[in-house]
Amino acid sequence: MIEVKNLVKKYGNFTAVDNISFDAHPGEIVGLLGPNGAGKTTTMRILTGYMPVTSGEVKVAGYDVIEDSMEVRQRVGYMPEQVPLYPDMTVEAFVLYWARLRQTEKPKQRTQDVLEQFGLLDRRKKLVRSLSKGLRQRLGLAQALVHSPSVIILDEPTIGIDPKQVVEVREVVRSLRENHTILFSSHILSEVEQICDRVVIINNGKIVAEGTTDILGEQTHSGLALYVHIDGEKAHIEQLLHDLPAVTDIQLHESGFIIRGHDEELRHAVMQVVADHRLELLEMRPVDRRLEDIFIKLVN
Ligand SMILES: Nc1ncnc2c1ncn2[C@@H]1O[C@H](COP(=O)(O)OP(=O)(O)O)[C@@H](O)[C@H]1O
Ligand SMILES: [Mg+2]
């Protein structure tokens with residue numbers, strides 16, 4: 001539904017998005033996670049057809065964001081970082097305004113429907129300026145979804161709202177998952193983990209890691225990843241670890257390797273290989289979740 005291939009975006013000489021590729025499918029909430037300045041907003045603006053690419057291919061619902069910009073806009077609901085709300089309009093008038101602007105069929109009916117969906121029906125006569133920050137976010141969502149888009153792009157929708165409202169936004173977003181493709185940006189790892197099915201971490205315009213959040217969750221519960229440092233020649237050690245049936249994945253990390261597999265078996269297998277080959281085990285410890293590790297390093 002969202003397909004980004006080798007996307008590059010330059011502002012003058014400065015490369016804000018540096019050759020990123022990722023996709024998102026219907027029924028999936030993908031998190032775009034990265035510190036401030038990572039390139040999240042830039043990527044999202046391009047996806048909504050509001051900003052041209054420097055190079056690369058970006059498609060939404062099969063339509064190219066440049067060539068078929070109007071088709072893309074009809075299918076995308078976008079909630080920018082700062083939702084442009086008109087403080088002197090009523091809640092209802094504001095949503096209706098957007099429904100008409102987007103040439104929605106039966107705009108009045110559709111307005112009532114989204115107000116109801118986002119729990120704003122009883123506040124429809126209130127002025128936008130009187131809404132709390134959390135309600136404004138909901139209004140932003142109502143506005144973004146009034147034309148029934150199949151793809152939803154939410155740029156840091158929980159920024160500046162209190163924890164209770166964060167939970168509300170999370171629930172609303174989760175409830176939209178079934179019939180939509182959702183891209184959700186944030187600079188907070190835990191939030192992305194709670195809301196998203198998959199995470200793409202970007203930093204300085206580049207993708208630095210990608211993973212499904214349920215795998216991350218599993219790792220916390222059963223400690224599936226171990227950092228192992230065995231004295232000896234790197235390639236040789238790597239081969240030995242790689243050959244262990246308990247090891248499902250291996251990657252270089254600091255002076256040793258991070259291996260993944262089934263917890264207890266994994267430790268046992270490492271001890272065994274060390275004993276069998278008369279090696280010296282310098283360090284073995286469970287590692288925190290990989291994305292968390294990477295992300296913490298990035299934001300520090
Ligand atoms: N219109 C612009 N002109 C020049 N540089 C920009 C512009 N918009 C963003 N940038 C720069 O591009 C980088 C990525 O910005 P942005 O996409 O807003 O990141 P994020 O949303 O992840 O914080 C930042 O270094 C930012 O300063
Ligand atoms: Mg941003």
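## Ligand shell, domains and salt bridges

At 27% relative accessibility, Arg123 counts as partly exposed, and its salt-bridge partner is Asp122, with the closest N and O atoms 3.7 Å apart. That pair is one of 17 salt bridges counted in this structure, which is a predicted model. Here is a quick tour, beginning with the overall layout and the ligand and then coming back to the charged pairs.

**Overall layout**
- The protein is divided into domain 1, covering residues 2-215, and domain 2, covering residues 223-299.
- Between the C-alpha centres of domain 1 and domain 2 there is a distance of 39 Å.

**Around ligand 1**
- The shell around ligand 1 is made up of Tyr11, Phe14, Ala16, Pro35, Asn36, Gly37, Ala38, Gly39, Lys40, Thr41 and Thr42.
- Sorted by class, this shell holds five nonpolar, five polar and one charged residues.
- Strand E2 (14-24) and helix H1 (40-47) each contribute at least two residues to the shell, and H1 gives the most, with three residues.
- Two polar contacts go to the backbone: an oxygen atom of ligand 1 is 2.7 Å from a polar backbone atom of Gly37, and an oxygen atom of ligand 1 is 2.8 Å from a polar backbone atom of Lys40.
- A side chain takes part as well, with an N or O atom of Thr42 lying 2.5 Å from an oxygen atom of ligand 1.
- Of the 560 Å² of accessible area that ligand 1 has on its own, the protein covers 62%.

**A buried pair and its network**
- Side chains of opposite charge can pair when their charged atoms come close.
- Arg198 and Glu28 form a salt bridge in which the closest N and O atoms are 2.9 Å apart.
- Arg198 belongs to strand E9 (residues 198-203), while Glu28 sits in the loop between E2 and strand E3 (29-33), so this pair ties together parts that are 170 residues apart in sequence.
- Both Arg198 and Glu28 are buried.
- A network of salt bridges links Asp23, Glu28, Arg198 and Glu210.

- Within helix H2 (residues 69-75), Glu71 and Arg75 are four residues apart, about one turn of the helix.
- Their side chains meet in a salt bridge, at 2.9 Å from N to O.
- Glu71 counts as partly exposed because its relative accessibility is 30%, and Arg75 counts as partly exposed at 24%.
- Back at the opening pair, Asp122 has a relative accessible area of 61%, so Asp122 is exposed, whereas Arg123 is partly exposed.

How values were computed: Residues numbered from 1 in each chain as written. Chains lettered and ligands numbered in written order. Predicted model: local features only at pLDDT ≥ 70, side-chain atom pairs only at ≥ 80, totals over all residues. Heavy atoms only, no water. Near = heavy atom within 4 Å. Polar contact = N/O pair within 3.5 Å; in protein donor to acceptor, adjacent residues only side chain to side chain. Areas by Shrake-Rupley, 256 points an atom, 1.4 Å probe, with all protein chains shown as cover. Nonpolar A, V, L, I, M, F, W, Y, C, P; charged D, E, K, R; others polar. Domains from an automatic or database assignment. Salt bridge = Lys/Arg side-chain N within 4 Å of Asp/Glu carboxyl O. Buried < 20%, exposed > 50% of the residue type's maximum accessible area, 1.4 Å probe, protein only.
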